[in-house]
Amino acid sequence: MRPVKSFGERIADALVEDGLLSSQQVEELLEQQKTEGARFVKLVTEKAYVSEQDLTVCMGRVLNVPPVNLARLSIPVEVAELLPREVAHNHRVLPVSRVDNKLFLAMADPLNVLAIDDVKRITRLEVFPLIACDKAIAEKFNALDAAKSGSMEEILQDAANQGVDADGEFETVQESVEEVNLDQLAASSEEAPVIKLANIIVMQAIKDRASDIHIEPFEKVLRLRYRIDGSLVDATPPPKSMQLALASRFKIMASLDIAERRLPQDGRMRVRVGGKDYDLRVSIMPTVHGEKIVLRVLDKSNLSASLDRLGLDPDTFTQFKQAVDAPHGLILVTGPTGSGKTTTLYSALNELNSPIFNIVTVEDPVEFQIPGINQVPVKKEIGLTFANALRSILRQDPDIVMIGEIRDMETAEIAIEASLTGHQVLSTMHCNDAPGAIARLDDMGIAPFLISSSVILSCAQRLLRRICPHCKEPVTYPAKMFNDLQMDPSAFDGVTLYRGRGCDRCKNTGYAGRLAIIEAMTVTDEIRKLIIARANSREISKVAISQGMKTLRMVALDRAREGASTLEQVMLMTSAH
């Protein structure tokens, strides 16, 4: 009996038949899929072997789902609004047509049965999937938003109707007085409507608990998006005519040069909303159609005062606590950008912050300013790199050193040298799991005996979206979900699983807030032997699991069993070992 081919293999065969991929490329991708656990379609997209449009057409043929060209399709507003925008964005779907009780739905992933079920439940219509690429769906969203974009007066009126007082509740807090060319400020950025609009954008972000604000210029429209609980959500865009004035206003607030529009600029500002201070990190990048502005909202209240408030399971907490209390050694926290690594390290520093310790950090940039800790911002333009700053810090008689990120061999060497000479060193790295940090240091050229002697704890971290408590309800998952998780459904016998139905308080997403999951690997004598023998990360991982390490997938499943998050989040944010 011939084995049934996986979806990835069927796509691979179809791409070879169409002459879009070679057999050699397919073998390479399938091998990478086995080692990394990534989806075949994702790997094809990342490698850019095939255009998104060709890949979409090919997937549609394999799945027997017709493709749709959204660029040439006129979608009635009443059809697009059948589905709440947040739900559509989360599932990467877009209603395109309705005939009686039938809804034709453009989907980036027609295999997403949970998305189809959600759409059926919300619209009470029979759903017929069509396939379209992510990019086409996103561009169609932008076009629909642009068509709905109102005038400046309408935006201000909407804000007033929502009870947002852009003058009374908002205040810019001056951190320092810098010399400013007053002649450059005599522009439209000082007009009342522009000031109100900038204030409303920031205030709405804080009200929605957004971590980032994206203001993106395109040829005919200006797009505004907020990153809420890790996902970008569209907001009512400002008029295109306000683009230059709005950019100048944010530059003034961040003490940047409003005359410079050709080079990137970075700055920060502090605002007070409702009597509470917020730091905002401002990044401005020139694009073809003007300057893109990204503001990172830094809320100190998100910092945990101590490790026991991070929400770790007892075993992980014990390992983390023992490493933090150790007199010396290197503690690594790994994960992608935005996974809460720095916040976790700040929580550890808060635990250690005491007059008896000299604590120094080197960061790019300094995100949170903490009293009692000496924080050094990296400035590459004047030669103050991580490595240069670290060399100086080690001459400042430190007890504890935090390095924002180990990016190169030079920084890694100094960090390891510091940990071996009686200092406690905390840092972050970019890799997928806790054992992967060991391999990453080896790849940088650090000798295995130095790695085994210095690293005492390696962690991997992710952030799971938390189920909205206001619309939380029990859910029964199909067998396919457990198959995708590579789990036996009987492992959840007697356990009630939950999901968010979607309500006004969570903007119909079913989620509100996030929680950290951490995979902690203590470097034991047995693991040290494997490091010296240059064992790969999979071998190290097997030994660590046998010694009690909980992988990210295990911790995430525990959170789902507890009713804190969903199986969709577990599958999205973690991979099976």
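Two strands count as paired if DSSP finds at least two bridges between them. Helices (H or I, at least four residues) and strands (E, at least two) are DSSP runs, numbered from the N terminus. In that sense, Val401 has Val425 of strand E15 as its bridge partner.

This is a predicted model, in which local features need pLDDT of at least 70 and side-chain atom pairs count only at pLDDT 80 or more, while totals for chains, interfaces and linings use all residues. Residues are numbered from 1 along each chain as its sequence is written, and side-chain values use heavy atoms, with hydrogens and water left out.

## Overall

The chain holds 23 helices and 19 strands. Of its 577 residues, 50% are buried. Buried means under 20% relative accessible area, exposed over 50%, and partly exposed in between (1.4 Å probe, protein chains only). Take contacts (heavy atoms within 4.5 Å). Among those between residues at least 6 apart in sequence, 65% join residues at least 24 apart.

## The seven-stranded sheet

Seven strands make an open sheet with mixed pairing, in the order E13-E12-E14-E15-E11-E16-E19. Strand E13 (374-377) and strand E19 (511-522) are the edge strands, each pairing on one side only. Neighbouring strands are turned by 20° against each other on average, direction ignored. Axes are lines fitted to C-alpha atoms, for helices over the stretch in contact, and angles run from 0 to 180 degrees between N-to-C directions.

| Strand | Partner | Bridges |
|---|---|---|
| E12 (residues 359-363) | E14 | four |
| E14 | E15 (residues 424-429) | four |
| E11 (residues 329-334) | E16 (residues 455-467) | five |

Thr361 stands opposite Met402 in E14. Leu330 has Val455 of E16 as its bridge partner.

In a regular strand the side chains alternate between the two faces of the sheet. Which residues cover the faces of E14 (residues 400-403)? Ile400 and Met402 are on one side, Val401 and Ile403 on the other, and all are buried.

The loop between helix H15 (386-393) and E14 includes Leu394. Leu394 is partly exposed, at 25% relative accessibility. Beyond its neighbours within four places in sequence, Leu394 contacts Ile414, Ala418 and His423. Leu394 and Ala418 are 24 residues apart along the chain, with their C-alpha atoms 7.4 Å apart.

## The three-stranded sheet

A further open sheet has three strands in the order E1-E2-E3, with mixed pairing. Strand E1 (93-99) and strand E3 (126-131) are at the edges with a single partner strand each, so one side of each has no neighbour in the sheet. Strand E2 (residues 102-107) runs parallel to E3, joined by six bridges. Met107 lies opposite Ile131 in E3. Helix H7 (residues 113-123) packs on this sheet and touches E1, E2 and E3. The direction of H7 makes about 145° with that of E2.

## Positive phi

Most residues other than glycine have a negative phi, and most peptide bonds are trans. Asp100 has a positive phi, near 55°. Asp100 sits in the loop between E1 and E2 and is exposed at 65% relative accessibility. Asp397 also has a positive phi, near 55°. Asp397 belongs to the loop between H15 and E14 and is exposed at 61% relative accessibility.

## Aromatic rings and charges

How many aromatic pairs does a search of the whole structure find? The search finds two. Rings of Phe, Tyr and Trp (its six-membered ring) pair if their centres lie within 6.5 Å; planes under 30 degrees apart count as stacked, over 60 as edge-to-face and the rest as tilted. One of the pairs, Phe482 with Phe492, is tilted, at 5.4 Å centre to centre and 50° between the planes. Phe482 lies in helix H19 (residues 479-484) and Phe492 in the loop between H19 and strand E18 (498-500), so the pair ties together parts 10 residues apart in sequence. Phe482 is buried at 8% relative accessible area, and Phe492 is buried at 5%.

A charge sits over a ring if NZ of Lys or CZ of Arg is within 6 Å of the ring centre and within 35 degrees of the ring normal. The charged end of Arg561 sits over the ring of Phe492, 4.8 Å from its centre. Lys472 lies over the face of Tyr498, 4.8 Å from the ring centre.
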